[in-house]
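Subject: Structure for you to look at

Hi,

Here is the structure I promised to pass on. Please open it alongside this email; my notes follow below.

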Amino acid sequence: MKKNGTAIEICFVPLKNRMAKLKTVNIRYNKIPDRKIKFMDIVIDFDGTCVTHEYPNIGREIGATPVLRELADSGNRLILFTMRHDDKRRNIYYLSDAVEWFRERDIPLFGIQRNPKQKDWTSSPKAYGEIYIDDAALGCPLIYPEEGRPYVDWKSVRETLIEMGALE
């Protein structure tokens with residue numbers, strides 16, 4: 001990842017062909033003007049974002065814990081927004097497993113599958129946030145392991161959050 005003014009150049013490899021040439025995408029972001037006043041709602045995916053892809057099991061740690069804790073400790077509100085779900089009739093508790101992962105690490109969640117504040121102004125099922133961190137998002141920095149699916153590169157994400165002013 002190279003920093004270029006207000007742009008970040010991120011190299012990525014298409015999933016279907018890991019031997020493909022690296023490509024560069026310029027991602028522009030807005031610096032947050034007054035960090036002391038503005039706390040953000042940050043929407044977070046789970047599998048491939050907080051842990052490796054091992055659904056329906058909980059994957060391995062990938063470096064998300066300290067960054068998520070730092071975001072929450074800075075006053076930001078974290079919202080878990082994932083494809084995981086619970087189905088009591090079938091005794092499936094995959095979403096609850098993800099929520100427990102956050103609880104075990106003392107990372108508070110402001111919302112689960114929704115932003116509790118948005119019900120006042122929209123009925124949209126999409127959780128509202130100023131930032132979305134998701135391994136499937138265009139431009140999200142990823143690590144490509146020898147085996148398995150790519151997952152979020154939290155070191156790079158943290159650097160971007162610092163550049164944006166979301167972290168110090």
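Leaving aside neighbours within four places in sequence, which residues is Trp-154 in contact with? There are eight names to look up: Thr-49, Cys-50, Ile-62, Gly-63, Ala-64, Val-67, Leu-68 and Ile-133. Bear in mind that this is a predicted model.

The core. Trp-154 is among the residues with the most contacts inside the largest nonpolar core. Cys-50, Leu-68 and Trp-101 share that description. The core has 30 residues. At least two residues come from each of these elements: strands S4 (41-44), S5 (77-80), S9 (131-133) and S11 (151-152), and helices H1 (64-73), H2 and H3 (154-164). H1 gives the most, with five residues. As background, nonpolar side chains in soluble globular proteins tend to be buried together.

The cysteines. Cys-50 has a relative accessible area of 0%, so it counts as buried. Cys-140 is buried too, at 14%. The structure holds zero disulfides.

Arg-105. This residue sits in the loop between helix H2 (94-104) and strand S8 (111-112). Is Arg-105 buried or exposed? Its relative accessibility is 19%, and the cut-off for buried is under 20%, so Arg-105 counts as buried. Its side chain makes a polar contact of 3.4 Å with the side chain of Glu-104. Not counting residues up to four places away in sequence, Arg-105 also touches Glu-61, Thr-65 and Arg-69.

Best wishes

Note on methods
Residues numbered from 1 in each chain as written. Predicted model: local features only at pLDDT ≥ 70, side-chain atom pairs only at ≥ 80, totals over all residues. Heavy atoms only, no water. Helix = DSSP H or I, 4+ residues; strand = E, 2+ residues; numbered from the N terminus. Buried < 20%, exposed > 50% of the residue type's maximum accessible area, 1.4 Å probe, protein only. Polar contact = N/O pair within 3.5 Å; in protein donor to acceptor, adjacent residues only side chain to side chain. Contact = heavy atoms within 4.5 Å. Core = buried A, V, L, I, M, F, W, Y, C linked by side-chain atoms within 4.5 Å. Disulfide = S-S within 2.5 Å.
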